[in-house]
Amino acid sequence: MKLRRLWAIVLKEVRQLRRDRITLAMIVMIPVGQLVLFGYAINLNPRGLTAAVADQAGTAASRALVMDMIATGVIRTVARADTPQQLVGMLRRGEISVGIAVPPDFERRRADGREVLQVMVDGSDTVVQSAAAQLAQTPVDSSAAAPRRIGPSTGSIGVVAFYNPQRRSPVNIVPGLIGVILTMTMVMFTAVAIVRERERGNMELLITTPVSRTELMVGKVLPYALIGLLQTSVVLLLGLWLFEVPVKGSVLDVYVAAVLLILANLALGLLISTKAASQFQAMQMTVFILLPSILLSGFMFPYAGMPAPAQWLAEILPMTHFLRLIRGVMLRGAGLLELWRDVAYLLGFIAVMMSLAVARFRKRLD
């Protein structure tokens, strides 16, 4: 082995890496990105869970108890309700994660040592259930507005978990897993689609045809959309068979939500494909989409525990909105019309990404 020849090869590789900006960016950005995500954005102790209060007692003591619970930082009130039934409706529509119901006979219950307040939580997210347990530890008579009672008990706070009272992990994981699989496969499949045509020399054939740019892009998307629906069916059937994960809402709504995510990811993959110079480079670029989608969407770590900048980034990702849709339909029995905000975002995302991909694509050889 000649050191001079070896050094020449090393210099060649260094120069090639320097010209490959995407690979060079990944060398730096992947460790930096993971450090920031795991050290700054990811927090296993959720704070600021959206909550609504239905205080039917309206006494100084009941208001003080609710304020004590808010002071823990676990919840933040975003709405008021008149009845517990309204709180249940808000939970079902995904408007809140926690509902606090104070009964009209709050004072009598407190005097008798019974349950004085009920915390309703969205059990479709197991992290929310864990956070609600902290609220149940709030002292009933800790505030100045509530005179202390002398006796064996001064009342308790009850926690009711809707939609997953047994706290079974598969109930929470399986719907989210649909989003992870579709994001991982759909983006990667289409990210290499245009690049593969160039590398195999098929672009010359496409140039000689009357196919328009839009027809070519849509034609490449449709087969993968069918594959995505097949993957969705496999996960749903195995989830029901192996883990008894229910579909409380409409099965049609489940597939509509899946189609929205599939099209969003395919459009994003096509946009990447028009930018990448090789299949390997296209797969590298998908990492920048896949990693934040898994870590920031609420699939693995609580969305409510993230700082505001991380939540802003999460709101851009299609998977964040899909998780709200699929958990709302499968676990809470909500309809897509009730979750229209997330549906509207995904439709807008598809339109923007597809338009950008078509605009960037040129039916010619570079």
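Student: Which residues lie nearest the centre of the largest pocket?
Tutor: This is a predicted model, in which local features need pLDDT of at least 70 and side-chain atom pairs count only at pLDDT 80 or more, while totals for linings use all residues. A pocket is an open set of 1 Å grid points where a 1.4 Å probe fits, with protein on both sides within 12 Å along at least five of seven lines; lining residues have an atom within 4 Å of a point. The lining has 34 residues, and those nearest the centre are Thr50, Gly94, Ser97, Tyr303 and Arg324.

Student: Which element supplies the largest share of the lining of the largest pocket?
Tutor: β1 (49-55), α6 (126-135), α13 (308-316), α14 (318-330) and α15 (340-360) each give at least two residues; helices are DSSP runs (H or I) of at least four residues, strands (E) of at least two. The largest share, four residues, is from α14.

Student: Which element has the highest mean pLDDT?
Tutor: pLDDT is the predictor's confidence in each residue, from 0 to 100, and the protein averages 81. Helix α2 (residues 21-41) has the lowest mean, 66, whereas the highest, 93, belongs to α14.

Technical notes: Residues are numbered from 1 along each chain as its sequence is written. Side-chain values use heavy atoms; hydrogens and water are left out.
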